[in-house]
Amino acid sequence: MGGNALKKYGIETKRLNKEEYFIVAEEIKARLLKHFKKAEPVIAYANKEDFGDLDILVCDSRIENLDMLKLINDEFNPNAIHRNGEVTSFDYDDFQIDVIKVKPEELEMAMHYFSFNDLGNFMGRIARKLGFKYGHKGLFYVPSIDNKYVMKDILVSRTPSKIFRFLGFDYYAYVDGFKELEDVFSYVVNSKYFSSDIFSYENLNHINRIRNRKRRSYQLFIQYLEEHFPDKTYDYDTPEAYMQRASVYFGKEFMVEIDIANAKAAEIKAYREKFNGNRVMKLIPPLQGKELGDFMRYINTDDVFVKLIKDTDTDNMDEAIKKMYLYYSIRKR
């Protein structure tokens, strides 16, 4: 995705004009439909003049068990194949093809997310600001401990129309499509929850900062904001407030899972406050590095010790750790 996945293999791919692109798209789709129940190219804005790659979604009930590398190699015999998670890239007549495999229940959501260049990526930034994660599989809530220890994502919705509206977007405007890339930018800015600063590179984490600096659409969006909306801001509420709105808007079924996850997060946090590397090093100075890690893993994977830590109150934790280390030392001899 982005047209650069094959460079590491020494493959220089070309860009195609609109007419050439749609011919190739139909050829690839027809050949993929021999192997998948559905194959759909993502949607581009109407006046896009040329293309650096073809993103095409494929889905089938057998999707998780298919060997994508073998399937692509047997069908297309490319010079190079690159797999990155659910995306398999290969060259076809010197043009890059990105085949994105999705489960049948994810196809509609994935089409909405991947279409119109980086629109899904931009929407994801707004979702993050509200305390959610938006991607090609849907809208998720991500429980965490002090914004650090990420737990299992909890699905909130896979219904595009509801997700768009919850994130402050006009869904009918999306369905009408966009003529120019700048129309996509304008659509993002018109979200109820838009704020220019959440898209600046300095406010991205390291991974997203590196990735988005390489994406032409993201670079152009930043330029667009600097020229037209450098200071547009929104006064955000708390993540808890948006969670309550989500429970009303999407229904409260997923809140049961969230309550369970939050309870688990609180349990993990309490455990780590009582038993952690910093505390152990202060009590047992020789322990550090690999030796510290070995001790921590030993204790954390022993059900008896885990229960002991959970049952011991904070005031008596230091003494309990010393006794656990003594037992550990005897076992190691």
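The structure is a predicted model, in which local features need pLDDT of at least 70 and side-chain atom pairs count only at pLDDT 80 or more, whereas totals for chains, interfaces and linings use all residues. Residues are numbered from 1 along each chain as its sequence is written, and side-chain values use heavy atoms, with hydrogens and water left out.

The secondary structure of the chain consists of 15 helices and 10 strands; these are DSSP runs numbered from the N terminus, with H or I and at least four residues for helices, and E and at least two for strands. The C-alpha trace spans about 75 × 50 × 35 Å along its principal axes. Of the 333 residues, 47% are buried (under 20% relative accessible area, with exposed over 50% and partly exposed in between; 1.4 Å probe, protein chains only). Contact denotes heavy atoms within 4.5 Å; among contacts between residues at least 6 apart in sequence, 64% join residues at least 24 apart.

Aromatic side chains form 43 pairs in the structure. Rings of Phe, Tyr and Trp (its six-membered ring) pair if their centres lie within 6.5 Å, and planes under 30 degrees apart count as stacked, over 60 as edge-to-face and the rest as tilted. An edge-to-face pair is formed by phenylalanine 22 and phenylalanine 51, with 6.3 Å centre to centre and 70° between the planes. Phenylalanine 22 belongs to helix H1 (residues 18–32) and phenylalanine 51 to strand E3 (residues 50–51), so the pair ties together parts that are 29 residues apart in sequence. Phenylalanine 22 is partly exposed, at a relative accessible area of 47%, while phenylalanine 51 is buried, at 3%.

One aromatic cluster comprises Phe122, Phe185, Phe194, Phe199, Tyr201, Tyr218, Phe221, Tyr224 and Phe229. The charged end of arginine 213 sits over the ring of tyrosine 201, 4.2 Å from its centre. A charge is assigned to this position if NZ of Lys or CZ of Arg is within 6 Å of the ring centre and within 35 degrees of the ring normal. Lysine 162 likewise lies over the face of tyrosine 249, at 5.1 Å from the ring centre.

Asparagine 212 is part of helix H8 (residues 206–213) and is buried, with a relative accessibility of 1%. Apart from neighbours within four places in sequence, asparagine 212 is in contact with Asn121, Tyr201, Leu204, Tyr218 and Gln219. Tyr201 and Tyr218 are also among the members of the aromatic cluster.
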